Amino acid sequence: MSQTQSSTGPILTTDGIPLKVSLKKAERINKIRAFLLVSPLLIFILVTFLVPIGDMLARSIDDRQINTVFPKTFEVYKKWDRKGLPSEEVYKTMFFELKNSEGYSVGKASTRMNYSKSGWKSLLKKSKRKFKKIEEGPYKEQMIAIDKKWADPEYWLALGQMVDPTTMGYYLNAVDLKYDSSKNIVQQKENRRIYNKTWIKTFKVSILVTLFCLLLGYPISYLLATLPMKYSNLLMICVLLPFWTSLLVRTVAWMVMLQQKGVLNNLLVMSNLIADENRFQLMYNQTAVVIVMTQILLPFMVLPLYSVMKTISPTYMRAALNLGASPMHAFYKIYMPNSVPGVSAGCLLVFIIAIGYYITPELVGGKDGQMVGNWIAYHLKTTLNWGLCAALGAILLAMMTVLYWAYNKIVGIENIKLG
Amino acid sequence: MRKAIKAAFFGLISMAFVGSAIADITFVSWGGAYTASQQKAYIDTWSKGSGVTVESYNGGLGEIKAQVEAGNVTWDVVDVLPDQAITGCDEGLFAKVDQSEFINDMVVPPVSECVVPQIFWAYTAFYDKAAFPGKKPKNIKDFFDVKKFPGKRGIHTWANALIEMALVADGVKASKVYEVMGTPEGIDRAFAKLDTIKDHVVFWSAGSKPLELVSSGEVVMSLAYNGRIGAAILSEGKNFEYIWDATVLEQEYLVAIKGGNEAEALEFMAHASSAESNAEQAKYIPYGPMRKSSIDIIKKGEPWFIKEGGNIDILPHMPTTPKVLKRAVIADPEWWADNGAEIHERFGAWKGS
């Protein structure tokens with residue numbers, strides 16, 4: 001009887017609990033333990049990575065600053081036909097909302113309004129100070145008497161861009177477009193179109209730097225991987241020593257080397273290769289940015305290349321040569337395909353670092369070497385236009401994601417190797 | 001026994017909290033010779049000065065805004081530019097201060113309710129005397145005249161002061177500059193003037209760079225902060241000469257960050273902005289005090305600048321003497337707070353085109 005029961009019913013452990021349940025319980029404890037082990041890392045990533053990026057993305061479309069300060073004004077503003085000047089009602093609502101506003105909300109709002117039309121900032125500040133004296137209407141004339149800007153329809157039209165709590169305005173700004181007063185997308189004024197040029201420049205510089213790093217890094221890594229230990233160690237030190245040197249020191253050293261009265265130009269003039277008045281302009285332009293960034297980012301190409309090349313067995317090449325391939329052919333057919341994972345890792349690494357570079361272009365870029373990173377820094381620090389910074393940053397992030405996706409489709413991400 | 005230990009323990013703890021004689025504030029400024037002068041002039045002379053931690057930054061409100069927004073304020077007193085003083089005060093990043101002590105003693109009225117006066121500094125042109133053995137450049141027109149004085153010019157990478165200088169070089173009176181800048185045509189005119197030297201400029205962004213550019217002969221003349229030029233002449237014996245024309249005077253202020261150690265910060269700022277402290281600073285760096293009475297103290301005290309082997313007259317190196325002021329432009333921070341972003345973008349487009 002007992003035998004039949006045990007063969008048909010669930011298997012029990014000694015304390016009478018079904019084995020399955022017991023096993024599950026034990027596994028769950030293990031799972032919880034594993035989760036607890038990784039949770040510090042998970043929380044770390046969440047707090048230092050995902051939350052800031054989420055915050056950045058939110059900032060890039062957030063446009064509530066003004067809507068919370070002038071909610072009623074915007075309600076009556078929406079009824080305005082955007083011709084001539086708004087009605088007395090709009091002026092009146094604006095007057096009271098500005099006069100009765102408290103704390104720093106107006107300051108923040110005026111900063112935002114100033115992005116759409118320069119001049120709002122001082123207009124609001126001055127007006128708020130003087131509104132205290134005005135007791136009764138009509139308000140339109142009195143406001144215009146305080147500052148003529150109130151009679152300038154441009155200022156009122158600029159408000160039209162801000163009626164919604166979210167905006168694509170920052171993204172438009174980041175690609176030289178803008179909203180007009182009725183929220184149609186139009187081109188930015190010609191003398192303010194800078195971002196598209198900067199994007200192209202940033203890409204150009206990053207691609208050139210990646211290319212030069214590959215051209216220079218490939219032979220070095222090959223040597224590193226194939227030379228006998230005692231030489232390759234020395235060579236490795238030569239690669240790593242600059243890597244460990246401060247970025248600023250290296251950049252400034254290049255400035256000494258390349259400037260017009262610098263080491264290189266002096267040598268060329270001294271050896272009579274060029275005339276004194278024809279010294280090369282190698283510093284404070286895009287050329288300088290490419291040269292200096294290539295040197296600074298070279299280790300990021302050499303190290304992954306080296307670690308991959310180190311794993312390519314020399315017997316492959318010997319076998320190819322043995323079977324009658326010419327050295328060139330053997331290199332092209334055998335060595336190069338084997339080193340592709342290193343090449344892609346190096347290129348991706350260098351490109352990603354290069355595209356967000358900021359300090360080197362700032363120092364050696366001069367007038368045409370500024371990249372997107374420099375504009376982000378400018379708006380972050382000086383204009384406090386963090387919305388635009390966030391939009392520029394988000395576009396960079398999106399581009400990298402697209403690049404990564406394309407790379408995965410073409411080369412396959414499993415083909416990337418750092419060692 | 002146990003009671004005694006307990007009493008001693010709490011005694012110690014309360015001592016840590018109840019006011020000690022040294023302050024606990026962080027003072028953030030621009031570094032270099034400038035911060036050194038601040039250290040000597042009013043940190044060392046303050047009774048609680050040994051508790052002041054000094055840090056450097058590169059300007060801008062980004063870090064301050066981040067600290068205030070995150071509720072983690074580690075800076076207490078910061079040395080800021082006037083347009084930042086306006087924006088930061090408007091946005092509630094700075095604490096308001098009592099200005100009654102100095103408000104009637106200032107060369108120009110304070111830009112906001114959050115500031116105490118520091119110094120006037122100036123963008124001014126200069127050259128190495130050795131670069132011009134014959135005729136020497138005398139005014140800003142010469143700086144913009146590459147035919148009369150061939151060679152490269154050093155200018156900074158942002159638009160402030162350049163617009164003003166370009167207009168004066170184009171014939172606008174120094175006192176009328178902001179009137180002209182208020183119109184779009186005025187800005188076009190300034191950029192047109194900048195176009196004339198565009199192919200002859202080298203850009204700098206760090207304050208020490210123009211001195212290096214002029215010393216090495218990379219440029220024949222450059223714009224620079226007057227204090228840096230003065231320091232190079234006074235302390236390093238450089239053979240530089242100022243071009244005191246269309247000198248653009250900028251104000252510099254101290255502010256207390258909201259949510260920091262405001263009580264001690266304000267106490268420190270009161271000390272730092274006294275007429276004596278303002279004058280004292282000029283012993284170490286040739287920037288102009290913002291308080292009228294400080295200038296009187298210096299005038300009486302000349303030779304004021306401290307140097308080994310005999311002090312030197314400091315007034316000839318200051319941007320606030322009547323002689324310089326007559327031909328100078330006092331920068332309008334309000335104009336720049338309004339138009340800075342737009343002009344800077346246009347300037348960026350100009351640089352890149």
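Asp276(A) is partly exposed, at 47% relative accessibility. Here, partly exposed lies between buried (under 20% relative accessible area) and exposed (over 50%), with a 1.4 Å probe and protein chains only. A salt bridge is a side-chain nitrogen of Lys or Arg within 4 Å of a carboxyl oxygen of Asp or Glu. Arg279(A) is buried, with a relative accessible area of 15%.

## About the model

This is a predicted model: local features need pLDDT of at least 70, side-chain atom pairs count only at pLDDT 80 or more, and totals for chains, interfaces and linings use all residues. Residues are numbered from 1 along each chain as its sequence is written, chains are lettered from A and ligands numbered from 1 in the order written, and side-chain values use heavy atoms, without hydrogens or water.

Over all chains, the structure holds 24 salt bridges. Side chains of opposite charge can pair when their charged atoms come close. One pair is Asp62(A) with Arg64(A), at 2.9 Å from N to O. Asp62(A) is partly exposed, with a relative accessible area of 25%. Arg64(A) is partly exposed too, at 49%.

Lys183(A) and Asp164(A) form another salt bridge, at 2.9 Å from N to O. This pair links distant parts of the chain, 19 residues apart. Lys183(A) sits in the loop between strand E1 (177–179) and strand E2 (185–187) of chain A. Asp164(A) sits in the loop between helix H9 (153–159) and helix H10 (169–174) of chain A. Helices (H or I, at least four residues) and strands (E, at least two) are DSSP runs, numbered from the N terminus. Lys183(A) is partly exposed, at 24% relative accessible area. Asp164(A) is partly exposed, at 32%.

## Strand E3 of chain B

Strand E3 of chain B covers residues 77–80. Val77(B) and Asp79(B) point one way from the strand. Val78(B) and Val80(B) point the other way. All four are buried.

E3(B) runs parallel to strand E1 (residues 25–29) of chain B, joined by two bridges. Two strands pair if DSSP finds at least two bridges between them. Val28(B) stands opposite Val78(B). E3(B) also pairs with strand E8 (residues 240–256) of chain B. That pairing is antiparallel and has four bridges. There, Val77(B) stands opposite Ala256(B).
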